[in-house]
Amino acid sequence: MDSLIREELPEIVNSGAFGKNLKYVSFDINEDYVGQNQYKSTVVFGTVNTSDGSKFNVVIKLKLRDEALCLKFKIHFHFNNEIIMYENIIPFLFESHRSLNGIEDWPSLCRFFYGRNKCGDLFDRDLIILENVDYQGFRSSKKHPLVDYDHVVSALRALAKFHGLSYTAKHKDPVRLQKVIMDLCETQFDEDGQWIFKNDAFRRFGKRGIDRLLERNGDLYRDNEHLKRFNKINDNVAQSLKRAFEPQEPFSVVCHGDFNVNNVLFRYDETGLPIDVLLFDFGTPRYGSPALDISFLLYMNTTQDLRESHWDDLLNEYCLTLAKSVPSGVRVPNRIELDSEIARCAIYGFANASFFLPHQLNSKVICDEDMTEEEVVQWLLKMGGDIGTERVADMVQHIVDMKFTNV
């Protein structure tokens with residue numbers, strides 16, 4: 001890994017990735033972070049030194065060394081999407097916003113230096129180089145996956161600014177917007193139209209919460225019409241998700257696609273309150289409802305108490321920030337329209353959080369790469385233990401109580 005980086009960086013720097021006429025001098029690896037294994041990649045932190053004396057703090061993302069795992073986890077698709085986002089889509093969104101004299105309260109994103117996704121025999125030399133924003137004061141939330149109101153509302157404001165760029169771009173040049181998103185790869189479904197987990201996994205993840213909700217409050221929910229509807233949705237989650245994924249104008253945007261506190265960084269004031277949020281990890285973007293991003297965050301990173309006490313406050317803050325983030329005359333959804341979108345897309349947030357939230361409650365437990373698909377499902381169903389089951393039941397209860405079942 002060290003030799004690969006040192007072989008590749010001179011050519012990358014000398015080609016102008018870090019600035020015109022700059023030449024490579026050296027690369028200093030940050031020994032505290034060498035080879036950090038992420039879910040679908042290996043990440044190396046270090047400093048690129050160039051001929052003008054500049055020092056660039058970078059994060060270098062490398063693919064897993066196992067080609068079979070790259071195919072299994074669609075890592076080639078993730079790299080494709082992230083590079084397209086940074087090279088084509090995000091620059092177009094910012095350019096459109098700037099050309100219409102948009103409000104200059106941009107969403108915070110890290111600088112992209114270089115990306116390569118050749119795949120094939122050279123897949124193990126593919127890499128993405130981004131700015132390390134740790135030096136700008138951005139940090140992961142210390143408490144996760146369930147965070148407090150200040151963190152959630154800060155993340156929603158940042159998301160609103162990001163979504164606002166799409167509304168501005170669509171207002172200015174809708175044809176070009178459709179062109180720049182055409183090369184994004186589907187990462188949620190396989191070539192046969194099957195969801196990422198097989199073996200009836202999502203029905204079983206959902207049933208975990210349904211059964212617990214009936215155990216703890218059966219008298220109230222056993223004959224509940226919306227729980228019956230949710231059961232039908234849960235019996236065929238893939239079809240429900242496909243309907244939720246269908247772009248419906250005029251409100252579709254470029255979605256982050258995996259928007260939760262694992263994929264944002266916070267900058268804090270002296271009292272510890274988050275004052276800025278940076279979005280990263282654009283491996284699973286899609287063009288669709290803004291509620292896809294919102295629903296995942298609100299089911300993945302909030303407690304039932306927070307949802308019940310601040311649901312309206314959180315969505316009002318999103319809508320207020322969204323309206324402020326676009327130039328005059330640009331159409332964005334109001335709160336009533338957003339509510340309708342969330343009701344249509346809540347199943348997306350639930351489906352992902354139903355397995356990922358319990359997993360994050362046991363985030364130090366690593367899945368054996370040799371497990372069969374059925375063994376992985378069984379493993380995920382045990383993650384989080386009783387607390388994980390309670391959190392999934394909380395999500396089911398919220399969807400039923402809010403009547404988000406007319407998918």
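Predicted model: local features only at pLDDT ≥ 70, side-chain atom pairs only at ≥ 80, totals over all residues.
Residues are numbered from 1 along each chain as its sequence is written, and side-chain values use heavy atoms, with hydrogens and water left out.

**H10.** Helices are DSSP runs (H or I, at least four residues), numbered from the N terminus. I checked the length of H10, residues 304-324. Its 21 residues should span 30 Å at 1.5 Å a residue, and the end C-alpha atoms are 29 Å apart, which agrees. The expected span is 1.5 Å times one less than the number of residues. Next I listed its buried residues (under 20% relative accessible area, 1.4 Å probe, protein chains only). They include Trp 311, Tyr 318 and Cys 319. Among the elements covering the buried residues of H10 are H4, H9, H11 and H13.

**H11.** A straight helix of 27 residues would span 39 Å at 1.5 Å a residue, but H11 spans only 32 Å between its end C-alpha atoms. I found a kink of about 50° in H11, centred on Cys 345. In H11, 21 of the 27 residues are buried, so the helix is largely enclosed by the rest of the structure. At the start of H11, I saw a side-chain oxygen of Asn 334 within 3.1 Å of the backbone nitrogen of Ile 336.

Note on methods. Helix = DSSP H or I, 4+ residues; strand = E, 2+ residues; numbered from the N terminus. Buried < 20%, exposed > 50% of the residue type's maximum accessible area, 1.4 Å probe, protein only. Contact = heavy atoms within 4.5 Å. Bend = angle between axes of the 7 residues up to and from the residue. Polar contact = N/O pair within 3.5 Å; in protein donor to acceptor, adjacent residues only side chain to side chain.
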